[in-house]
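Please look at the sequence and the structure before reading on.

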Amino acid sequence: MIKSSHFMPTFVKTLLAQRWILIVAAVVIIGGGYFFFFRGNGGAAATLTIVPEDFKQEVSVSGTVVAAEHVDLGFAESGRIAGVYASVGDTVRAGAVLATIENGDLAAAVEQKQAALETEQAKLLSLQNGTRPEQIAIDEAAVTKDEEALRDAITSAYVSADNAVHKSADQFFANPRTSSASLAFSVSNALLKAQVEQERVLLDPALITWGANISDPSFATKAPENASAQAKQYLTQVATFLFDASQALAQAQTLNATYQADITTARTVVASALASLTTAESALAGARGDLALAKAGTTASDIAAQAAEVKAALANVSSAKAALAKTVVVAPFTGIVSKMDVKPGQIVSANTSTISLLSTGAFELETYVPQINISSVLQGDQAIVTLDAYGPKVTFTAKIVSVDPAETVRAGVATYKTVLIFDTTDVRIRSGMTANVVIATGEKQGAIVIPTGAITYEGAHTYVTMASDASKREVAVGQSSSLGRTLILSGLSAGDVILLTP
């Protein structure tokens with residue numbers, strides 16, 4: 001009883017001492033949290049001013065270092081083996097081509113797409129540089145040439161009209177070049193006869209005026225469009241006269257076949273002259289339009305449109321190269337070929353292991369990527385690795401060499417085994433070491449990124465709290481990094497200020 005009475009007070013004292021220790025620790029934790037979240041200014045909440053930054057899209061997983069054994073390789077497409085470039089036992093370097101299937105059409109497609117890309121890039125560069133002075137000079141010369149062509153067409157039309165009247169028609173007129181010009185034969189239709197004779201009287205003044213305009217020295221220096229329009233009026237007048245004259249000849253009591261043939265020929269020549277004028281006018285208008293466009297230069301919308309064409313052409317090249325890459329097996333790292341189950345002419349199936357590669361002394365890293373992240377993890381992605389044995393300040397670089405197509409269920413969660421290989425050999429790396437792996441899956445420049453803890457979730461909606469009035473603003477969120485930061489797709493802009501604690 002005496003021992004018991006002495007033991008109880010000591011036990012109680014120990015409990016009381018431990019209780020005070022816990023109370024002090026709680027006060028320290030609460031005080032530290034208060035200092036972190038409510039710094040000064042009477043308890044004002046911590047804020048964050050939005051500044052665009054580069055956001056690295058990452059997947060963070062844990063893994064284990066294992067002794068490298070081998071990697072099974074195969075073709076992503078079915079086909080006939082075109083070439084085998086290594087044998088079992090050969091040491092090959094990373095990037096070496098081990099085997100290919102027939103891909104001549106795909107290689108040609110790459111060259112074709114590359115040529116199309118270069119063409120679009122040249123067009124973009126031309127637009128960005130603007131119209132060269134040489135091109136403007138060429139366009140100006142084209143305008144001058146087409147002006148001369150139109151003047152020649154006007155002169156030729158005058159000659160054709162003059163010959164049609166004075167040579168083809170005047171042979172059956174009496175006093176043709178006077179105001180008393182009359183047909184030299186009888187016509188049953190007196191009204192038609194009078195109309196033809198009146199048209200003949202009016203043609204001489206028109207032809208005289210037309211000829212004077214052509215002979216004027218200013219005709220060779222002025223823009224010929226007005227002269228062309230006037231020439232078309234004169235030609236139409238002559239064409240009408242010739243048509244009526246042919247009608248009168250058809251009603252002549254005594255038909256002269258030579259007259260009729262001459263008038264028919266004259267009508268054809270005048271119609272051709274009228275068509276030539278129209279063609280020359282169109283050519284000159286086109287040349288003037290080209291010159292005006294060249295002098296105006298390139299618009300921003302034209303450059304933007306061509307830049308889009310370049311992007312499309314670049315995407316076509318990437319697509320063609322990706323298709324070609326599926327016909328080639330490349331060594332993902334330096335190693336020794338341990339299996340080569342293909343030979344030229346053999347038909348192989350897609351996604352079938354036909355080649356194996358054994359690494360030369362390097363260690364691999366096995367990780368299991370959860371299904372929510374596997375879509376963004378690709379073969380060839382780079383990763384930063386830290387080993388628990390050396391702490392977070394010692395980093396190593398590695399690259400993904402394979403991702404299992406089938407899932408591995410771990411703790412009830414579907415994961416996918418992913419194998420990485422270290423970029424360099426290092427004596428510090430040993431089999432069995434545990435590792436933390438951060439896989440870089442992409443990077444977005446000038447992004448809006450905030451701490452994940454600043455976001456609140458209400459059903460299907462996500463919000464941040466604005467510092468100005470503590471109001472909620474809905475935002476669209478993207479990926480989150482392994483450092484606890486989340487990409488904001490919309491809802492925030494540079495300069496906005498939010499509360500770090502919603």
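Predicted model: local features only at pLDDT ≥ 70, side-chain atom pairs only at ≥ 80, totals over all residues.

## The largest pocket

Six strands each supply at least two residues of the lining of the largest pocket: strand E2 (53–67), strand E3 (71–73), strand E9 (328–330), strand E13 (363–370), strand E15 (395–403) and strand E17 (413–422). The volume of the largest pocket is about 1100 Å³. Its lining has 31 residues, and those closest to the centre are Asp72, Leu73, Gln379, Val401 and Ser402.

What kinds of residue make up the lining of the largest pocket? There are 17 nonpolar residues, together with seven polar and seven charged ones.

## The second largest pocket

Rolling a probe the size of a water molecule over the atoms shows where empty space is left. The second largest pocket has a volume of about 360 Å³. It is lined by 16 residues, and Ser126, Leu127, Gly130, Thr131 and Thr298 lie nearest its centre.

Helices contribute to this lining: helix H2 (104–129), helix H3 (133–169) and helix H6 (257–296) each supply at least two residues. Which of them gives the most to the lining of the second largest pocket? H2 does, with four residues. By type, the lining of the second largest pocket divides into four nonpolar, eight polar and four charged residues.

Side chains of opposite charge can pair when their charged atoms come close. The structure holds 15 salt bridges. One of them joins Glu281 and Lys232, with the closest N and O atoms 3.1 Å apart. This pair links distant parts of the chain, as Glu281 is in helix H6 and Lys232 is in helix H5 (residues 225–250), 49 residues apart. Glu281 has a relative accessible area of 22%, so it is partly exposed. Lys232, at 25% relative accessibility, also counts as partly exposed.

Another salt bridge is formed by the side chains of Glu366 and Lys417, at 3.3 Å from N to O. Here too, distant parts of the chain are linked: Glu366 lies in strand E13 and Lys417 in strand E17, 51 residues apart. Both strands also supply residues of the lining of the largest pocket. Are the two partners buried or partly exposed? Glu366 is partly exposed, with a relative accessible area of 23%, and Lys417 is partly exposed at 22%.

## Other salt bridges

Arg428 and Asp426 form a salt bridge in which the closest N and O atoms are 3.0 Å apart. Arg428 is partly exposed, with a relative accessible area of 34%. Asp426 is partly exposed as well, with a value of 23%.

## Thr462

Thr462 is part of strand E20 (residues 461–465). Is Thr462 buried or exposed? Its relative accessibility is 9%, and buried means under 20%, so Thr462 counts as buried.

What does the side chain of Thr462 reach? It comes to 2.5 Å from the backbone oxygen of Val475. Leaving out residues up to four places away in sequence, Thr462 touches Ile455, Thr456, Tyr457, Arg473, Glu474, Val475, Ala476 and Val477.

Conventions: Residues numbered from 1 in each chain as written. Heavy atoms only, no water. Buried < 20%, exposed > 50% of the residue type's maximum accessible area, 1.4 Å probe, protein only. Polar contact = N/O pair within 3.5 Å; in protein donor to acceptor, adjacent residues only side chain to side chain. Contact = heavy atoms within 4.5 Å. 1 Å grid on protein atoms, 1.4 Å probe; cavity = no way out; pocket = protein on both sides within 12 Å on 5 of 7 lines; lining within 4 Å. Points joined across faces, edges and corners; volume = space filled by probe spheres on them. Nonpolar A, V, L, I, M, F, W, Y, C, P; charged D, E, K, R; others polar. Salt bridge = Lys/Arg side-chain N within 4 Å of Asp/Glu carboxyl O.
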